[in-house]
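Welcome! Keep the 3D view open as you read.

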Amino acid sequence: MKIMGIDHGTNYAGWATMVAGRPRNFGIRDYTEIKMPAVLDAIYQDTYELLKRERPDVLVLERPVHFKNANSVLALVGAYSMVTLGALHLGIRIAEIRPTELKMHTGKGNADKETVAVEMQMLFGLDYDDIAVPLFYQRDDPKGKYKKGDIKERLYDPSDAIALCWACHQKIKKGAA
């Protein structure tokens with residue numbers, strides 16, 4: 001069975017595929033240059049093509065459960081809806097994982113994104129920079145706090161997508177999905 005996980009978002013979206021409990025492929029999509037609401041169409045089109053190419057048996061998504069503000073609601077539910085719609089149009093079964101359930105399958109119940117990425121790295125022997133994608137400073141800080149090329153932040157979307165696949169795989173093995 002081929003499982004695909006998508007960690008959806010309107011800025012970045014991570015995706016991964018897993019077969020027999022092993023990651024096959026993963027990546028990240030960048031939507032940062034596309035404004036709302038046009039980004040929703042881009043997410044739908046991109047997801048549809050990705051699903052058509054990868055042909056998973058099941059698509060697993062993290063169920064949106066908490067939001068910081070009204071804009072977060074619009075963005076996350078919008079992205080979730082576009083990904084779901086792409087799967088529905090291709091007849092792909094959809095599974096949902098709650099954030100607490102995801103963390104239970106990928107480490108500890110209160111694991112943060114970095115901890116989940118380290119767990120996925122160790123479990124599958126993956127390169128940390130491939131699954132926790134570094135974003136770099138583009139120029140030196142005049143105050144000397146950082147230099148061009150230093151890591152500014154990391155995007156954990158690919159590791160989250162792998163974790164979604166792993167959690168779904170675990171549920172299927174237990175007969176709970």
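**A first look**

In the unreviewed UniProt entry, the annotation "transmembrane region" is placed on residues 73-95. Please keep in mind that the model shown here is predicted. Below, we visit that annotated stretch, then a strand and its partners, and finally some aromatic rings.

**The annotated stretch**

- Strand β4 spans residues 58-62, and five of its five residues are buried, so the strand is largely enclosed by the rest of the structure.
- In a regular strand, side chains alternate between the two faces of the sheet.
- In β4, Val58, Val60 and Glu62 point one way, while Leu59 and Leu61 point the other way. Residues pointing either way are all buried, Glu62 included.
- Strand β1 (residues 2-7) runs parallel to β4, and four bridges join the two. Look for Ile6, which stands opposite Leu61 in β4.
- Strand β5 (residues 93-97) also pairs with β4 in the parallel sense, over five bridges. Here Val60 stands opposite Ala95 in β5.

**Aromatic pairs**

- How many aromatic pairs are there, counting ring centres within 6.5 Å of each other? The count comes to three aromatic pairs, and two of them are described below.
- Phe124 and Trp166 form an edge-to-face pair, with 5.4 Å from centre to centre and 80 degrees between the planes.
- Phe124 belongs to helix α4 (residues 113-124) and Trp166 to helix α6 (residues 157-173), so this pair ties together parts that lie 42 residues apart in sequence.
- Are these two residues buried or exposed? Phe124 counts as buried because its relative accessibility is 8%, under the 20% cut-off. Trp166 counts as buried too, at 15% relative accessibility.
- The ring centres of Tyr137 and Tyr146 are 3.5 Å apart and their planes are at 10 degrees; planes under 30 degrees apart count as stacked, so this pair is stacked.
- Tyr137 has a relative accessible area of 21% and is partly exposed. Tyr146, at 25% relative accessibility, also counts as partly exposed.

Notes. Residues are numbered from 1 along each chain as its sequence is written. This is a predicted model: local features need pLDDT of at least 70, side-chain atom pairs count only at pLDDT 80 or more; totals for chains, interfaces and linings use all residues. Side-chain values use heavy atoms; hydrogens and water are left out. Rings of Phe, Tyr and Trp (its six-membered ring) pair if their centres lie within 6.5 Å; planes under 30 degrees apart count as stacked, over 60 as edge-to-face and the rest as tilted. Buried means under 20% relative accessible area, exposed over 50%, partly exposed in between (1.4 Å probe, protein chains only). UniProt positions are given in the numbering used here, feature names are shortened, and annotations may be inferred rather than shown by experiment. Two strands pair if DSSP finds at least two bridges between them.
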